[in-house]
Amino acid sequence: MKTVNLMDPGLLTDPYRGFAQLREEAPVLRASFPGQDTPIWLVTRYDDVKSVLSDHRFVNDPGNVPGAEVTDMREKLTQARGVPPEYARYLTDGILDLDGDDHLRLRRLVSRAFTARRVTELRPRVEEISAELLDALPTDRVVDLVEEYAYPLPITVICELVGIPEADRAQWRVWGARMTTMEPGALAEPLVGVVEYIRDLIPRRRAEPADDLLTGLIRAHDEDGDRFTDTELITMVLTLVLAGHETTAHLIGNGAAALLTHPDQLARLRAEPSLVPRAVHELMRWCGPVHGTRMRYAAEDVEVGGTVVRRGEPVMALIVSANGDPRRFGDPDRLDIAREPDSRREVHVGFGHGLHYCLGAALARQEGEVAFSGLLSRFPRLRLAVAPEKLERQPLPMSWRLASLPVLLD
Ligand code: HEM
C-alpha cells in the first residue's frame, strides 16, 4: 500500500481534489504526518469517519491503550517541535487529549457556557461587536477581510466570554497565528508566551472576580484543586481562546470568499436573508476550516472500512473528504446555500462527531451567521479586489486558511 504524504504540495494547494481522489481510492489509507515518526491511518469516507469518532475502542490518549508501549507525547513534542519540556504538558493535557470520565469531568466544567441557550443570549452582543467592526472598515481602499473582520470578530467574542482583557487581545491574535505555523521550532515562543500570560492573569482575576468564564474556572479549581489541576486550568483557557478564534475566523474568511466567487449563491443569499443559517451550514461543509481531527489510537484491533487497525496505531478522521463524500451528499462539489440540512442525520462532520464534538459549534455557527448577515446587509456592493485565482491559501496541512481576502466594500 502506498503512503500518502500529507505535506505533498498538490494536497496543500488543492486539498479538496486531492482528498477526493484518496477517498475514491480507498476508505482507509496509510499516511505520513509531520511530527509523527510512524505512519498513521487516514479514514476518508463519511460513514467510516463517523464510526471511528463514535467508537469507544478509539481513544484520544495513547496512554489509554492497554498494554501498548506508552508513547510519551510530551517528549515527542520536545523532540519534534522544540517545545521546552516543562511547557509540553500544556499541549498534551487538554480536553481533547482525555478519554472517558476524565474527559467528561473537564467538559462538564465548561459546557454550560456553550449551550444553545447561553449562545442565544450572547447574540445581541455578537451583533454589536460585528456592527462596530463593520463601522470601522474604510470604504475608500482595499480591505483585507480576514485581517480586519474575520479575525477581530471571534477573538473579541471569545476573549470577552473567557475574560481576557481588551488590551491583550492583539497579542493573542499573534500568538494564535504563530502557534499554527508548522515551521520547525516556531511553536515554543508563542506557547511560552500564552502559558505565562495565563499564569499571570489567574491571581489578578482571583483578586478581582468578574462575570466571566475564567472566574468560574478559577473557582472550580480553588474549590477542588485535586480534580481540576493548575495545568488543566491553564490548558483549558489556552484551548478555549485558541480553538475559539483561529477556526471561526477562517469559517468567516473561507465562507466570504466562497460567496464572492459564487455570485449566484451570493445573490440568492442577499435576496433571501432567512437562508443565512443554512448557508453557514453549507459553508462549513463546503469550505470548513478544519480538515482532520486530532489523532485517535486503537485500544484494540478494530476493523475500519475493511482494514484492520492494530492496537496502538494512530488514526485520523478526514473531515474534509467525509464532507465531500458522494455516498452521503448529492452533488457534493456544488456549493448550494439552500441545501437542506437533515438534522437527524447530522449532515456535515466539520465540527467532528461523538464525545469530542466541538464544544463551541453553536457559538461558531452563530458568529458565522452574524458575520455574513452584517457584512452583506451593510455593503451591497461588496466584491473581490483581486481575481479569484489570486486568492492565496496558507500552506498548512489539515486546514483551509486564506492568507488574506482583499475586497472592495463600496
Ligand atoms: C473540538 C472544529 C469553533 C472549542 C472540535 C473538533 C472539531 C472542531 C473538528 C473535534 C476535534 C476532534 O474530535 O479531534 C471547529 C470549527 C470551528 C470551531 C471548524 C469554527 C468554525 C470552536 C469555538 C470554540 C471551540 C468557537 C470555543 C469554545 C472546541 C473545544 C473542543 C473542540 C473545547 C474539544 C471538545 C472536546 O474534546 O470535548 N472543534 N471548532 N471550537 N472545539 Fe471547536
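In this predicted model, a residue is near a molecule if its C-beta atom, placed from the backbone, lies within 6 Å of it.

Q: How many residues surround the ligand, and which element gives the most to the shell?
A: The shell around the ligand holds 26 residues, and the closest are G244, T293, G352, C358 and G360. Two elements give two or more residues to this shell, namely α13 (230–260) and α17 (361–378). The element that gives the most, with 7 residues, is α13.

Q: Which residues does V241 touch, leaving aside residues up to four places away in sequence?
A: V241 is among the residues with the most contacts inside the largest nonpolar core. Leaving aside residues up to four places away in sequence, V241 touches I158, C159, V162, I164 and W172.

Q: How many residues are in the second, separate core?
A: Apart from the largest nonpolar core, which has 75 residues, there is a second, separate core. Its members include L6, F33, L53 and F58. The size of this second core is 33 residues.

Q: Why is helix α3 described as largely enclosed by the rest of the structure?
A: A residue is buried if 20 or more other C-beta atoms lie within 10 Å of its own. In α3, the residues Y46, D48, V49, K50, V52 and L53 are buried, and they pack against β3 (40–43), β4 (58–59), β6 (296–298), β7 (302–304), β9 (314–317) and α16. Helix α3 (residues 46–53) is therefore largely enclosed, since the buried residues number 6 of the 8.

Q: At about what angle does α3 run to β9?
A: Helix α3 lies across β3, β4, β6 and β9. The angle at which α3 runs to β9 is about 125 degrees.

Q: Which strands are at the edges of the open sheet of 6 strands?
A: Strands of a sheet pair through backbone hydrogen bonds, either parallel or antiparallel. This sheet has mixed pairing, in the order β1-β2-β3-β9-β6-β4. An edge strand pairs on one side only, and the edge strands here are β1 (3–5) and β4.

Q: Which residue in β3 is the bridge partner of A31?
A: Strand β2 (residues 28–32) is joined to β3 by 4 bridges, and the two run antiparallel. The bridge partner of A31 in β3 is I40.

Q: Which residue in β11 is the bridge partner of V143?
A: A further open sheet has 3 strands in the order β5-β11-β10, with antiparallel pairing. Within it, β5 and β11 pair over 2 bridges. The bridge partner of V143 in β11 is V407.

Q: Is D331 buried or exposed?
A: D331 has a phi near 45 degrees, a positive value in a residue other than glycine. Its place is in the loop between α16 (319–322) and α17. Because D331 has 8 C-beta neighbours inside 10 Å, it counts as exposed.

Methods:
Residues are numbered from 1 along each chain as its sequence is written. This is a predicted model: local features need pLDDT of at least 70, side-chain atom pairs count only at pLDDT 80 or more; totals for chains, interfaces and linings use all residues. A residue is buried if 20 or more other C-beta atoms lie within 10 Å of its own, exposed if 12 or fewer, and partly exposed in between; C-beta atoms are placed from the backbone. Two strands pair if DSSP finds at least two bridges between them. Two residues are in contact if their C-beta atoms, placed from the backbone, lie within 7 Å. A nonpolar core is a set of buried Ala, Val, Leu, Ile, Met, Phe, Trp, Tyr and Cys residues joined through C-beta atoms within 7 Å. Axes are lines fitted to C-alpha atoms, for helices over the stretch in contact, and angles run from 0 to 180 degrees between N-to-C directions.
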